[in-house]
Amino acid sequence: LYTLDTFLVRKDEQDNVSQLISQAEEKHKLMHLFFNNLIEYKKAIQPKVSDVNADLHNTVLLGKHTHGQQIKDRLEFLDFILKHSNLTITVDQLDIFWDALIIKAISLQERDMAFQWLQNSHTAKKVNNNKNCLLYTSPSPRD
């Protein structure tokens, strides 16, 4: 099993990776697919959340990996895409991110991972703020 941080991109390969990401965005709407996948994952696990009386972050709720690993993998993928391309996160996509991983977080660890990802200075530069950003408040996640 490899994580995205295993695949370091050499400087001379950066242009190729950037072009591949741009092509994936143009042909397949990569960012749209990513955020739709996040929404679908969160919807799919929701019925299972009430059935689990354990540490949800370390529980397999869908597929073969724990919920924490599922979220970590998605955040690493998004970070890789943003780091190696000219793509940005729109305010609407940031709203989806906020809703799925902070407002509807099923564990404090999930919320912490989302906040940590947002605090990443690289990430902050990739938020396309053509619209006014809102100050969010959210309820506590379920423990």
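Guide: A salt bridge is a side-chain nitrogen of Lys or Arg within 4 Å of a carboxyl oxygen of Asp or Glu. A search of the whole structure finds four. This is a predicted model, where local features need pLDDT of at least 70 and side-chain atom pairs count only at pLDDT 80 or more, while totals for chains, interfaces and linings use all residues. Residues are numbered from 1 along each chain as its sequence is written, and side-chain values use heavy atoms, with hydrogens and water left out.

Visitor: What makes E76 and K72 a salt bridge?

Guide: Their N to O distance is 2.9 Å. The limit is 4 Å. They sit four residues apart in helix α3 (residues 67-83), so about one helical turn separates them.

Visitor: Why is E76 called buried?

Guide: Buried means under 20% relative accessible area, exposed over 50%, partly exposed in between (1.4 Å probe, protein chains only). E76 has 18%, so E76 counts as buried. K72 has 32% and is therefore partly exposed.

Visitor: Why does K43 count as exposed?

Guide: K43 has 53% relative accessibility, so K43 is exposed. Its salt-bridge partner is E40, which is partly exposed at 47%.

Visitor: Why is α4 called roughly antiparallel to α5?

Guide: Helix α4 (residues 91-103) and helix α5 (residues 108-119) pack at an angle of about 150°. Angles under 35 degrees count as roughly parallel, over 145 as roughly antiparallel, 65 to 115 as roughly perpendicular and the rest as oblique. So α4 is roughly antiparallel to α5. Their axes lie 9 Å apart.

Notes:
Axes are lines fitted to C-alpha atoms, for helices over the stretch in contact, and angles run from 0 to 180 degrees between N-to-C directions. Helices (H or I, at least four residues) and strands (E, at least two) are DSSP runs, numbered from the N terminus.
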